[in-house]
Amino acid sequence: MRKKQKFQWNEMTMGTCYYPEHWPKELWASDLERMLDTGITVIRIAEFAWNKVEPQEGVFTYEFFDEFLDLCQKKGMKVIFGTPSATPPAWLTEKYPEVLNCDEAGVAYRHGGRRHYNYNSPKYRELVSRIVEKLGEHYGKHPAITGWQIDNEINCETSEFHSEADSAAFRMFLKEKYGTLDALNEAWGTAFWNQTYTDWEQIYVPRPLLNQGYNPHQHLDYYRFISESAVSFCRMQTDILRRYKKDGDFITTNGLFWNMDNHRMEEECLDVYTYDSYPSFAFGLDREPFCETDLNDRHWTRNLTETRSVCPHFGIMEQQSGANGWTTRMEGPAPRPGQLTLWAMQSVAQGADYISFFRWRTCTFGTEIYWHGILDYDNRDNRKLAEVKEFYRKFKKLDALCGSDFVAAFGLLKDYDNEWDTNVDAWHQRVAHASEEAVLETSERTHTPYDSVYLREGTTVEELLAYPVLIYPHPVIMTEERAELLKQYVEQGGTLIIGCRSGYKQENGKCVMLPQPGLLRRLTGSDVRDFTFVSPAEGPVYAAWDFKETPKEKAAAGPEKASENMRTEMPLFHDIMETADPDAKVLARYTDSYYAGKAAAIEKKTGRGRTIHMGSVFTEENVRLLLQYAGVLSPFDSLIQAPDGVDLVQRQKDGRTWLFALNFKSTPQKIILGQRMRRIFAERCAQGEVELAPYETEVFEV
């Protein structure tokens with residue numbers, strides 16, 4: 001069972017990111033006063049300011065932040081203090097080049113950017129430990145400090161490490177995991193292409209290979225190793241700060257990045273997790289569209305859902321307030337009037353109780369001069385500042401729902417083995433990304449919210465039974481423990497839905513010599529006799545579904561729509577199946593290609609529940625059909641109806657229910673309230689038709 005979260009905010013709290021080293025001291029007091037007047041009561045500082053405390057090796061000066069923290073205490077501003085390990089100083093990288101991370105060819109990244117260090121350099125860990133110790137010892141009891149941030153955006157910029165120190169640490173990781181070279185060679189299948197290792201020193205982190213022909217089993221362990229290294233680096237700093245911080249002050253880190261077990265990091269190292277939310281990346285001018293749909297900024301719901309799976313009541317350390325970009329890359333438009341509030345409310349709706357806007361004022365120098373803040377270079381009041389003030393007015397009206405729980409209609413099952421396998425296996429990556437996109441699209445367009453649910457060591461069936469339906473799109477890697485847990489879930493009444501490419505690998509990524517879906521076969525009652533990517537030469541392949549809607553659903557959809565819903569395209573990849581159990585029944589059959597008439601979806605009941613094996617990639621159309629069949633589609637319809645351009649989210653606490661309606665469109669949208677509700681911001685009741693202005697958010701208490 002998941003442990004209780006160590007820290008939660010007890011009221012909705014607004015902050016910003018501020019860097020006193022970027023501004024004349026003459027601005028400090030007026031900046032703090034303007035922030036407080038806006039509603040900002042917390043600032044984050046110092047995560048890139050190592051030189052301000054250790055300008056030379058072993059020489060420590062505290063006057064700069066002493067002065068600033070004392071001013072914050074005087075003005076009544078609280079501070080989150082960042083450890084500065086994301087940007088080591090020039091004296092350090094020049095004297096100790098072994099601390100630098102390298103590209104795959106072993107060429108070191110040079111000083112001048114950020115995150116150019118590696119986690120496994122003994123010298124870097126020594127020097128980081130020392131600076132964190134000094135910061136904790138000197139500032140840990142300062143009354144202005146309310147929390148600590150470890151590093152900055154761990155595994156952002158790069159989530160791969162190729163220094164000599166990483167290879168040395170990788171060998172130690174593998175020795176602990178496998179014990180002997182014989183065991184490692186067996187797990188990695190090194191008999192293929194004559195890769196057998198006879199000495200630990202022959203093993204390295206990935207290096208350049210012709211046609212990128214990496215050993216997939218070695219590469220999978222490499223990603224596990226990166227996660228272990230990142231967590232260890234974070235835990236090293238946390239252990240130091242816990243000795244010095246005041247009771248009640250929290251430890252966090254920001255962002256949610258790749259090749260890392262974020263759940264483990266939160267449990268072992270942190271008190272609360274914070275995320276950095278920049279929805280306008282979806283509108284970047286220097287990149288391809290975020291996806292081939294019109295969801296755009298609504299895709300950030302997926303990231304916020306992931307954050308909520310790590311920490312149900314999280315914070316936003318960097319909430320977008322202006323256009324973002326560096327001088328070297330990323331061009332993006334400024335938020336339209338109303339979008340700043342919309343995107344912040346998107347975070348709140350998904351579970352954030354702390355919103356910190358990045359940044360107070362746009363920096364006038366450096367790589368991020370186009371990463372715009374609340375204020376612009378000229379320091380004048382502007383529309384963004386006015387909108388932050390208005391957001392704060394609304395935000396504080398939501399104090400009663402601080403700590404409330406997000407309400408999900410179903411769960412999207414995940415695990416880190418399969419997440420990392422998508423980095424290794426192009427076949428897995430293609431189907432996994434398509435299906436996850438389809439689940440998000442369906443959730444957003446049908447107002448059927450979901451939680452990301454990670455299967456981890458210690459996950460209980462009680463945690464899974466919180467969801468009547470679980471979609472586990474493509475569990476390529478399957479273990480006996482997970483298969484047994486899923487069996488218990490189904491037996492006790494759950495509906496499990498899996499897709500193609502399931503259960504054919506073991507934990508080390510090697511394929512199993514079992515009929516697919518492998519260890520899940522008894523649960524699904526399906527037998528995959530053949531499989532294929534959809535051939536571009538033959539065009540779309542469809543499936544005809546045999547189940548019927550309930551009378552209520554058929555009447556609501558209309559006869560034409562209902563009949564259309566019973567035939568769906570099955571794109572990209574197909575499991576071609578037969579039933580393998582007398583209790584299994586065919587739900588859908590392919591209508592095209594050489595396997596026309598073969599089973600495309602099979603259902604089997606076990607105990608009080610059932611499992612559905614759909615032999616294709618998930619699409620918006622077939623996810624909608626399956627959620628309707630499972631009885632969880634559009635759970636808020638009786639309370640509120642809205643067009644698909646409006647997102648609907650529910651939070652609950654102590655018997656009270658709040659509904660968020662977020663208009664992501666640039667045009668007014670009409671919603672229908674099915675009963676009398678209280679409009680939180682307007683402080684009056686409403687029923688029936690309500691119009692949302694462009695980018696407007698309304699919150700109703702049911």
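This is a predicted model: local features need pLDDT of at least 70, side-chain atom pairs count only at pLDDT 80 or more; totals for chains, interfaces and linings use all residues.
Student: Which residue in strand 3 is the bridge partner of V42?

Tutor: Strand 2 (residues 42-45) and strand 3 (residues 78-82) run parallel and are joined by four bridges. V42 has its bridge partner in strand 3, and that partner is K78.

Student: Which residues have the most contacts inside the largest nonpolar core?

Tutor: The largest nonpolar core has 127 residues. Helix 7 (residues 216-241) supplies the largest share of this core, twelve residues. Apart from it lies another core of 34 residues, including A438, V534, A600 and Y629. Within the largest core, the residues with the most contacts are I43, F81, M265 and L398.

Student: Which residues does F81 touch, not counting residues up to four places away in sequence?

Tutor: F81 is one of the residues with the most contacts inside the largest nonpolar core. Leaving aside residues up to four places away in sequence, F81 touches I45, A46, F65, L69, L135, Y139, I145, G147, W148 and Q149.

Student: Is V128 buried or exposed?

Tutor: V128 lies in helix 4 (residues 122-139). Not counting residues up to four places away in sequence, V128 touches W50, S85, F233, M236 and Q237. The C-alpha atom of V128 is separated by 9.9 Å from that of A86, 42 residues apart along the chain. Because its relative accessibility is 0%, and the limit is under 20%, V128 counts as buried.

Student: How many Å apart are the end C-alpha atoms of helix 5?

Tutor: Helix 5 has 15 residues, so at 1.5 Å a residue it should span 21 Å. The computed separation of its end C-alpha atoms agrees with this expectation, at 21 Å.

Student: What covers the buried residues of helix 5?

Tutor: The buried residues of helix 5 are A165, D166, S167, A169, F170, R171, F173, L174 and Y178. Just after helix 5, G179 takes a positive phi of about 80°. The cover over the buried residues of helix 5 includes helix 6 (181-188) and helix 7.

Student: What is the phi of E153, and is E153 buried or exposed?

Tutor: Most residues other than glycine have a negative phi. E153 is not a glycine, yet its phi is positive, about 50°. This residue, E153, is found in the loop between strand 4 (145-149) and helix 5 (164-178). Because its relative accessibility is 8%, E153 counts as buried.

Student: Where is N259 found, and is N259 buried or exposed?

Tutor: N259 is a residue other than glycine with a positive phi, near 55°. N259 is found in the loop between strand 5 (250-252) and helix 8 (262-269). At 5% relative accessibility, N259 counts as buried.

Student: Which residue does a cis peptide bond join to F358?

Tutor: Most peptide bonds are trans. The bond from F358 is cis, with omega about -15°.

Student: What is omega for the peptide bond from Q516 to P517?

Tutor: P517 lies in the loop between strand 13 (495-498) and helix 16 (521-524). The peptide bond from Q516 to P517 is cis, with omega near 10°.

Student: Which residues of strand 12 point the other way from V469 and I471?

Tutor: In a regular strand the side chains alternate between the two faces of the sheet. In strand 12 (residues 469-472), V469 and I471 point one way, and all four named residues, on both sides, are buried. Pointing the other way are L470 and Y472.

Student: In strand 13, which residue is the bridge partner of Y472?

Tutor: Strand 12 pairs in the parallel sense with strand 10 (residues 410-414) over two bridges, and G411 stands opposite L470. Strand 12 also runs parallel to strand 13, joined by four bridges. Together with helix 15 (residues 480-491), strand 12 and strand 13 make a right-handed β-α-β unit. In strand 13, the bridge partner of Y472 is I498.

Technical notes: Residues are numbered from 1 along each chain as its sequence is written. Side-chain values use heavy atoms; hydrogens and water are left out. A nonpolar core is a set of buried Ala, Val, Leu, Ile, Met, Phe, Trp, Tyr and Cys residues joined through side-chain atoms within 4.5 Å. Buried means under 20% relative accessible area, exposed over 50%, partly exposed in between (1.4 Å probe, protein chains only). Contact means heavy atoms within 4.5 Å. The expected span of a helix is 1.5 Å times one less than its number of residues. Two strands pair if DSSP finds at least two bridges between them. A crossover is right-handed if, with the strands pointing away from the viewer, the path from the first strand over the helix to the second runs clockwise.
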